[in-house]
Amino acid sequence: GSFYAFCIWIGLGVLSLYELFNKYVNAKVSAVAATAVCMVVPGILAAENWDDHDRSNRYTARDFAANYLNSCAPNAIIFTNGDNDTFPLWYCQEVEGIRTDVRVVNLSLLNTDWYIDQMKRKAYGSDPVPFTLKQEQYVQGTRDVVYVMPDERLKGFVDVKQVMEFVASDDPRTKYNANGDMLAILPTRMLKFDVDSALVVKNGVVPDKYKSRIVKEIQWQIKGGHVVKNQLMVLDLIAHNDWSRPIYFAITVGSENYFGMEEYFRQEGLAYRLVPYKSESTDGQEGEIDSDIMY
């Protein structure tokens, strides 16, 4: 807000000088004079501050971005949180051509329908993100918020594919009637999806040394009373990816976007990879560190 106010006063100041000069010279000369006088201010700022703010030869952001991308297996999908851990990755892919097979998915933008549309198209060297929801099912104003309202008839963990089919349905019986507003709901917070042990080994998700640790199904619980659109799209991806593409979360994403699946995370470089076995963290942090990949 302060910058809006500054700009208003700057505009008034320039106009005031112009009108002052206009009392003594013609309008064209007054405009040039007012501009010349006012340019002294940014000139002083540049002269005094340029060396303090010069970012030449500082590559920290670029190097971090390259490390994020290189932390991922081929054809991976990596979820990032917002501007600072997304734009440098885009730069690395767009300008330097680093790991263009990795699809960067900005969770902040994933709340918008136009960005979801982009994710469903091929980009650089990466395939489309395998979302299954159709545009009319996620267009702005539709399923922006899905409320968690557990159905007592559902016992135990429920397959996430079935839950997504329920959420995607337009059948009024799958909605909650709130004074005429038909609200989309999740009928359970206890989710699971089966693990095909042969498939995850074949696709290189699990190294041979970890085969004995593969679980039959991944189970987790949704925390809180609702999920927003970006979280819904992540659930859609997890439900239908079938381990065909590696899924990663940048370490800066934050636990609120992990859906309670932290115990199935393996840290590879600067990203957590979703894996079909429980992590064995010895230091209390999220994810088990794969020291070979980290090295």
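**Entry 1. Lys 122 and Asp 127**

I began with Lys 122, which is exposed at a relative accessible area of 53%. In my terms, exposed means over 50% relative accessible area, buried under 20%, and partly exposed in between, with a 1.4 Å probe and protein chains only. Asp 127 is partly exposed, at 36%. I found the side chains of Lys 122 and Asp 127 joined in a salt bridge, 3.3 Å from N to O. I count a salt bridge where a side-chain nitrogen of Lys or Arg lies within 4 Å of a carboxyl oxygen of Asp or Glu. The structure holds 16 salt bridges.

I note that the model is predicted, that local features need pLDDT of at least 70 and side-chain atom pairs pLDDT 80 or more, and that totals for chains, interfaces and linings use all residues. Residues are numbered from 1 along each chain as its sequence is written, and side-chain values use heavy atoms, without hydrogens or water.

**Entry 2. Lys 161 and Asp 242**

I next looked up a second salt bridge, in which the side chains of Lys 161 and Asp 242 meet at 3.4 Å, N to O. This pair links distant parts of the chain, 81 residues apart: Lys 161 is in helix H8 (residues 160-168), and Asp 242 is in the loop between helix H10 (229-241) and E10. Helices (H or I, at least four residues) and strands (E, at least two) are DSSP runs, numbered from the N terminus. Lys 161 is partly exposed, with a relative accessible area of 31%, and Asp 242 is partly exposed too, at 42%.

**Entry 3. Helix H10**

I then checked the helix that Asp 242 follows. Asp 242 has a positive phi, near 50°. In H10, 12 of the 13 residues are buried; among them are Lys 229, Asp 236 and Asn 241. The 13 residues should span 18 Å, and the end C-alpha atoms are 18 Å apart, which agrees.

**Entry 4. Arg 266 and its network**

Which residues are joined with Arg 266 by salt bridges that share partners? I first recorded the salt bridge between Arg 266 and Glu 268, whose closest N and O atoms are 2.6 Å apart. Arg 266 and Glu 268 are both buried. Salt bridges with shared partners join Arg 266, Glu 268, Arg 273 and Asp 290 into one network.

**Entry 5. Glu 262**

I looked up Glu 262 in the loop between strand E10 (247-250) and strand E11 (265-268). Glu 262 is buried yet has no salt bridge, and the nearest side chain of opposite charge, Lys 223, is 4.2 Å away. For charge, Lys and Arg count as positive and Asp and Glu as negative, while His and the chain ends are not counted. Not counting residues up to four places away in sequence, Glu 262 touches Lys 223, Ser 255, Ser 279, Glu 286 and Gly 287. Contact here means heavy atoms within 4.5 Å.

**Entry 6. Helices H4 and H5**

At what angle do the axes of H4 and H5 cross? I found that the axes of helix H4 (residues 60-70) and helix H5 (residues 87-94) cross at roughly 80° and come within 8 Å. Axes are lines fitted to C-alpha atoms, for helices over the stretch in contact, with angles from 0 to 180 degrees between N-to-C directions. H4 and H5 are therefore roughly perpendicular to each other. Angles of 65 to 115 degrees count as roughly perpendicular, under 35 as roughly parallel, over 145 as roughly antiparallel, and the rest as oblique. Residues of H4 including Ala 61, Arg 62 and Tyr 68 meet residues of H5 including Pro 88, Tyr 91 and Gln 93.

Leu 89 lies in H5 and counts as buried, at 1% relative accessibility. Beyond its neighbours within four places in sequence, Leu 89 is in contact with Ala 65, Tyr 68, Leu 69, Thr 80 and Val 104.

**Entry 7. Two loops with positive phi**

I noted Asn 75 in the loop between H4 and strand E1 (77-80). Asn 75 has a positive phi, near 60°, and is not a glycine; Asn 75 is partly exposed, at 23%. Arg 99, in the loop between H5 and strand E2 (103-106), also has a positive phi, near 45°.

**Entry 8. Helices H2 and H3**

Last, I looked up helix H2 (residues 27-38) and helix H3 (residues 40-53), whose axes come within 4 Å and cross at roughly 25°. That makes H2 roughly parallel to H3. Ala 36, Val 37 and Cys 38 in H2 meet Val 40, Val 41 and Pro 42 in H3.

Technical notes: The expected span of a helix is 1.5 Å times one less than its number of residues.
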